[in-house]
Amino acid sequence: IEVRERPQAGSAQMLDELQAYAQLGPLGVPHAVSVAFDSNMTKEPNLPFAYPVVVKALSAAIAHKSDVGGVVLNVKDGDELLAAVAQVRTATKADRVLVQPMVKGLGEMLIGYRVDADVGPLVMLAAGGILAEIHRDRSLRLAPVDFDEAKAMIGEVASLKALAGYRSRQAGDLDAVARALVALSQLAVTDGPAVAEAEVNPLLVLPKGVVAVDALVRLA
């Protein structure tokens, strides 16, 4: 494995969400259908999917959009879409917005990658959403990992037990979680721009498959 050094402060380039999907999608990390628009729009755009939708600020300068009012959920029609875009523009000053269909999963996970200065590339699986910051429920490995190692990581994250059909609940596709984790870990060995850090949070776990509905990537 080629170990890429962690970049010095100020030398990393953050990608916007659409660019992050373009970086991670070819590796095999599925993501929600996403379209970008100018935040100064004055009429309803043609969407390639049905309402309800999510409207988000699209800016490489905003890592955590929800914290600054950059996300509006459950937008039901064209009038609400225009209002949501204006709301996001006012709150964040972003020039562009990203629109995605509303997707509901059985649970939320975080998959992450970074290059540690001491040990090299690492991949992480953790509880998603705000739970990632509260519970510290996670598993770490040197990257890249194979499918069996990814499955072992899943077994170490307590919050995923509920997604395995616990007490007759509907089971999530944990094999798809493992495949997404394997795909993300390939950043350690893939040719192209060196990635210092990548995170998908949340990765929605579905009855069949998974889908990323937010992502960030920092290039070295």
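Trainee: Is Tyr 113 buried or exposed?

Mentor: This is a predicted model. In it, Tyr 113 has a relative accessible area of 3%, and buried means under 20%, so Tyr 113 counts as buried.

Trainee: Which strand does Tyr 113 lie in?

Mentor: Tyr 113 belongs to strand 6, which covers residues 107-116.

Trainee: What separates the C-alpha atoms of Tyr 113 and Leu 98?

Mentor: A distance of 24 Å separates them, and the two residues are 15 residues apart along the chain.

Trainee: Now to helix 4. Which residues are buried there?

Mentor: In helix 4, residues 147-156, the buried residues include Ala 150, Met 153 and Ile 154. They lie on the same side of helix 4, because they cover an arc of only 105 degrees around the axis.

Trainee: What do the buried residues of helix 4 pack against?

Mentor: They pack against strand 7 (120-127), strand 8 (138-142) and helix 5 (174-185). On the face turned away from the buried side, helix 4 carries the exposed residues Asp 148 and Gly 155.

Trainee: Which residue caps the N-terminal end of helix 4?

Mentor: Asp 146 does: one of its side-chain oxygens is 3.3 Å from the backbone nitrogen of Asp 148.

Trainee: A change of topic: where does Glu 17 lie?

Mentor: Glu 17 lies in helix 1, residues 17-24. Glu 17 is buried, with a relative accessible area of 3%.

Note on methods: Residues are numbered from 1 along each chain as its sequence is written. This is a predicted model: local features need pLDDT of at least 70, side-chain atom pairs count only at pLDDT 80 or more; totals for chains, interfaces and linings use all residues. Side-chain values use heavy atoms; hydrogens and water are left out. Helices (H or I, at least four residues) and strands (E, at least two) are DSSP runs, numbered from the N terminus. Buried means under 20% relative accessible area, exposed over 50%, partly exposed in between (1.4 Å probe, protein chains only). The arc is that of the directions from the helix axis to the C-beta atoms. Contact means heavy atoms within 4.5 Å. A polar contact is a pair of N or O atoms within 3.5 Å; within protein, one must be able to donate a hydrogen and the other to accept it, and residues adjacent in sequence count only if both atoms are side-chain atoms.
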